[in-house]
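Please look over the chain shown here. The questions after it ask what each label rests on.

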Amino acid sequence: MRKQKERHFPKAAVQLFRSLGQPARLEILLAIGAGEACVCHLEAALGQRQAYISQQLMALRHAGLVSARREGRNIFYRLAKPEILGFIQEAGLMADIPVAEVNFSITTSPLAKCCRSISSLEQEAVNAAKVD
């Protein structure tokens, strides 16, 4: 008997769908949007507990949908695959959700910085200007 060639596409697609199977994960991806956010930003934006958001971020990282960078004590998350936003928009259209509602959910501006004060951000800008 011939061994049937294993088909990777269906399994990979199912893994992607599973990783998006929690509403909180979609909310996190939409909240991060085109920018980046730390857990405290996501807590403020989504009204969820830090532990829950961290669990969901771990699943999204494992799926390769978000990446992280450390800055001091904070870890900032961004979309590893920004095209996922288009995928989510298409899923919204297929679910008969108005485009405006899906687009409204996508964050395009930075979330309020709650782990760094505005004064430290301003100081960094002043220091950067001095170097130039």
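Predicted model: local features only at pLDDT ≥ 70, side-chain atom pairs only at ≥ 80, totals over all residues.

Q: What makes up the secondary structure of the chain?
A: The chain has 7 helices and 3 strands. Helices are DSSP runs of H or I with at least four residues, strands are runs of E with at least two, and both are numbered from the N terminus. Along the sequence the pattern reads α-α-β-α-α-β-β-α-α-α.

Q: Why are strands S2 and S3 called paired?
A: Two strands pair if DSSP finds at least two bridges between them. S2 (residues 66–71) and S3 (residues 74–79) have 6 bridges, in the antiparallel sense. Therefore they count as paired. Valine 66 stands opposite leucine 79, and glutamate 71 stands opposite asparagine 74.

Q: What lies between S2 and S3?
A: The two strands form a hairpin with 2 residues between them. Glycine 72 in the turn has a positive phi of about 65°.

Q: How do you know that S1 pairs with S3?
A: S1 (residues 36–38) and S3 share 3 bridges, again antiparallel. The cut-off is at least two, so this pair qualifies. Glutamate 36 has arginine 78 in S3 as its bridge partner.

Q: Why is helix H2 described as largely enclosed?
A: Buried means under 20% relative accessible area, exposed over 50%, and partly exposed in between (1.4 Å probe, protein chains only). In H2, 7 of the 10 residues are buried, so the rest of the structure largely encloses this helix. They are Ala24, Arg25, Ile28, Leu29, Leu30, Ala31 and Ile32. Glycine 33 follows H2 and has a positive phi, near 55°. For the whole chain, buried residues make up 27% of 132.

Q: Why is leucine 26 called partly exposed?
A: Leucine 26 is in helix H2. Its relative accessible area is 29%. That value falls between 20% and 50%, so leucine 26 is partly exposed.

Q: What does leucine 26 contact beyond its sequence neighbours?
A: Contact means heavy atoms within 4.5 Å. Leaving aside neighbours within four places in sequence, leucine 26 is in contact with Leu20 and Ile88.

Q: What makes aspartate 96 exposed, and what is its phi?
A: Aspartate 96 has a relative accessible area of 71%. The cut-off is over 50%, so aspartate 96 is exposed. This residue lies in the loop between H5 and H6. Most residues other than glycine have a negative phi.

Q: What makes a space a pocket, and what is the volume of the largest pocket?
A: On a 1 Å grid over the protein atoms alone, a pocket is an open set of points where a 1.4 Å probe fits, with protein on both sides within 12 Å along at least five of seven lines. Volume is the space filled by probe spheres set on the points, which are joined across faces, edges and corners. The largest pocket comes to about 350 Å³.

Q: Which residues line the largest pocket?
A: Lining residues have an atom within 4 Å of a point. There are 15 here, and Leu26, Leu30, Ile88, Ile97 and Val102 lie nearest the centre. H2 (23–32), H5 (84–94) and H6 (99–105) each supply at least two lining residues.

Q: Which helix gives the most to the lining of the second largest pocket?
A: H1 does, with 4 residues. H1 (8–19), H4 (50–62) and H5 each supply at least two. This pocket holds about 230 Å³.

Note on methods
Residues numbered from 1 in each chain as written. Heavy atoms only, no water.
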